[in-house]
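Please consult the sequence and the structure shown below while reading.

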Amino acid sequence: MYLPRKLVLEYLLKRVTKNNPGIFDQVKFNTSVESVQYDETISKFVIQTLDKETKTVSTNHFDKCIWAGGSNGKPFIPKSIELALSSFKGKVMHSSQTDATFESDVKGKSVLIIGDNYSAEDLTLQAIKLGVKNVIICSRSGSGIAYYTESWPGDKVDVEYGYLPSRVSEDGYGVLLSKFEYNFDLNKFVSTGKTKLVKVETIIYCTGYKSNFGMLESSLRPDGKDDASFSKDDLPADWKMKHNSLSDEFGDITVGKISAPWSVQKNLYRGILISNPNMMFLKERMDVPLFDLDVQTWLLLKHITSNHFPSVESMNKWNIEQFMREMDDVMFRYQLDMNFKKRWWNVGDDHWTYDHFDSRSKQFYTDHYRLQYQILARDMMDSNYPLDIGSYEELNKKGNDLMEFNVQCSYARYSLDEESPDAEWKTFRDCTPSDCYQSIFTGTKAAPLKHHWIDLSENDYDSQYEWE
């Protein structure tokens with residue numbers, strides 16, 4: 001049901017080579033793109049590349065350019081934290097740098113992980129599996145998946161909500177964690193003065209990545225303009241969020257500062273740069289990145305083959321409508337609108353919104369995933385993608401099955417219980433496959449793991465899963 005990276009890669013390679021064994025013949029490996037410029041006089045891209053082996057620099061011209069560098073192009077480490085930990089004497093690494101030495105870096109040791117999202121969860125579980133002494137996760141905002149995980153195997157994990165490293169002790173192995181709270185008036189996290197000292201031997205930054213647009217000239221970058229982000233001024237003056245379970249309690253909240261929407265960017269129209277439609281971008285938007293990227297690939301192919309684009313006015317209008325649709329979704333608006341987030345943070349920890357099993361709370365998650373799949377369904381229809389999961393207005397059975405699958409994956413974490421007899425070994429991967437964990441094509445149910453995930457070896461996977 002949950003495949004390791006090795007088998008995911010094997011599946012992807014078999015899939016892309018099944019009907020085209022020579023698909024990689026035209027790929028230039030060990031090559032970096034040094035610069036991308038657009039020459040208006042010849043209406044072509046001028047692209048300079050560097051062969052990493054021969055050190056040969058080449059210049060070529062293209063009619064279209066697709067940036068597909070991924071959201072994980074450059075590891076990101078906050079400068080303030082990096083400076084605060086500069087005198088640490090143990091091992092320090094970014095999550096992207098974990099390699100064959102990872103076992104020796106964590107086995108029998110105390111580990112500090114900075115960040116609380118998927119990388120933090122993954123590396124924490126791997127560390128437990130490899131015999132870590134204990135793990136401390138710094139969760140500044142409490143919005144990552146690790147923060148919401150209710151139990152960890154062996155009771156070896158402490159999630160420190162609101163804490164960040166501020167300095168290193170004189171012996172080089174103690175890290176002072178300072179408590180931070182978000183100040184909405186200042187629009188930033190500020191220290192409360194509360195601290196705690198932890199002794200660790202390894203520090204892992206799970207602080208995310210940034211997309212690498214460095215090779216693109218400024219006019220070709222999606223974030224190259226000051227007005228690249230949406231604001232409340234882009235909404236109609238009379239805009240109000242559609243009614244939901246929080247409406248009666250929250251009322252009509254004035255829109256505040258807006259962060260970047262997930263599925264739409266102001267100066268991009270469905271993957272193409274509005275100012276130059278020959279420049280396109282392929283990057284994940286959804287909680288199902290591989291599926292999302294596959295659909296977007298078809299959509300960009302449709303753009304290229306049709307070579308017809310709406311007017312700039314129509315593209316901007318479409319983006320605003322998509323932005324409003326996201327703002328109507330409770331979970332999306334929480335991530336986008338600082339005023340909405342501020343109101344939510346003031347409800348108290350005992351509020352029903354923090355009970356994942358409250359029917360109203362579960363409805364938020366269901367609606368959130370439904371909207372994502374409706375966006376995918378629309379793009380699939382518009383690009384003639386060879387699978388039908390419904391439409392932007394309504395998902396069909398396959399679409400609803402996919403949506404429910406994602407909901408259940410989230411609840412596999414929420415249902416973990418640290419008081420349960422199985423808490424010593426259970427992870428979200430050990431959940432019992434329910435009826436929704438099945439193929440939308442054949443109905444074949446997912447196979448449960450042969451052993452507890454914490455006890456599985458690579459050989460166990462190799463013997464259980466074989467591709468036809």
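## Strand β17 and its partners

Cys 65 stands opposite Met 279 of strand β17. The strand that pairs with β17 here is β4 (residues 65-67); the two run parallel and are joined by 3 bridges. Two strands are said to pair if DSSP finds at least two bridges between them. Strands themselves are DSSP runs of E with at least two residues, helices are runs of H or I with at least four residues, and both are numbered from the N terminus.

The model is a predicted one, in which local features need pLDDT of at least 70 and side-chain atom pairs count only at pLDDT 80 or more, while totals for chains, interfaces and linings use all residues. Residues are numbered from 1 along each chain as its sequence is written, and side-chain values use heavy atoms, with hydrogens and water left out.

Buried means under 20% relative accessible area, exposed means over 50%, and partly exposed lies in between (1.4 Å probe, protein chains only).

## The four-stranded sheet

Which strands make up the open sheet, and in what order? The order is β4-β17-β16-β15, a sheet of 4 strands with mixed pairing. Its edge strands are β4 and β15 (268-269), each of which pairs on one side only.

Strand β16 (residues 272-273) is antiparallel to β17, with 2 bridges joining them. Ile 272 has Met 280 in β17 as its bridge partner, and a hairpin connects β16 to β17 through 2 residues. Strands β15 and β16 also pair in the antiparallel sense, over 2 bridges; there Leu 268 stands opposite Leu 273 in β16.

## The hairpin of β11 and β12

Strands β11 and β12 run antiparallel and are joined by 9 bridges. Within this pairing, Tyr 182 has Phe 189 in β12 as its bridge partner. The two strands form a hairpin with 4 residues between them, and Asn 187 in the turn has a positive phi of about 60°.

Asn 187 belongs to the loop between β11 (174-183) and β12 (188-199). With a relative accessible area of 31%, Asn 187 is partly exposed. From C-alpha to C-alpha, Asn 187 and Lys 302 are 41 Å apart in space, and they are 115 residues apart in sequence.

## Salt bridges

How many salt bridges are found in the whole structure? The search finds 21. A salt bridge is counted when a side-chain nitrogen of Lys or Arg lies within 4 Å of a carboxyl oxygen of Asp or Glu.

One of them joins the side chains of Asp 367 and Arg 370, at 2.7 Å from N to O. These residues are separated by about one helical turn because they are 3 residues apart in helix α11 (residues 359-382). Asp 367 is partly exposed at 29% relative accessibility, and Arg 370 is partly exposed at 25%. In helix α12 (residues 397-414), Lys 397 and Asp 401 are 4 residues apart, about one turn of the helix. Their salt bridge has its closest N and O atoms 2.8 Å apart. Lys 397 counts as exposed at 60% relative accessibility, whereas Asp 401 is partly exposed at 26%.

Are Asp 379 and Arg 378 buried or exposed? Both residues are buried, and their side chains meet in a salt bridge of 3.3 Å, N to O. Asp 379 and Arg 378 belong to a network of salt bridges that also links Arg 270, Arg 285, Asp 292 and Asp 382.

## Surface patches

A nonpolar surface patch of about 580 Å² is made by Leu 9, Leu 13, Val 16, Ile 23, Phe 24, Val 27 and Phe 29. Patches consist of residues with over 30% relative accessible area and no salt bridge; like charges are joined within 9 Å, and nonpolar side chains (Val, Leu, Ile, Met, Phe, Trp, Tyr) within 5 Å. Accessible areas come from the Shrake-Rupley method with a 1.4 Å probe, and for residues only the protein chains shown count as cover. Phe 29 sits in the loop between α1 (5-18) and β1 (31-39) and counts as exposed at 52% relative accessibility.

A patch of negative charge gathers Glu 150, Asp 155, Asp 158, Asp 417, Glu 418, Glu 419 and Glu 424 on the surface. Asp and Glu count as negative and Lys and Arg as positive, while His and the chain ends are not counted. The place of a charge is taken as NZ of Lys, CZ of Arg, CG of Asp or CD of Glu. Glu 150 lies in the loop between α5 (145-148) and β9 (157-161), and its relative accessible area of 38% makes Glu 150 partly exposed.
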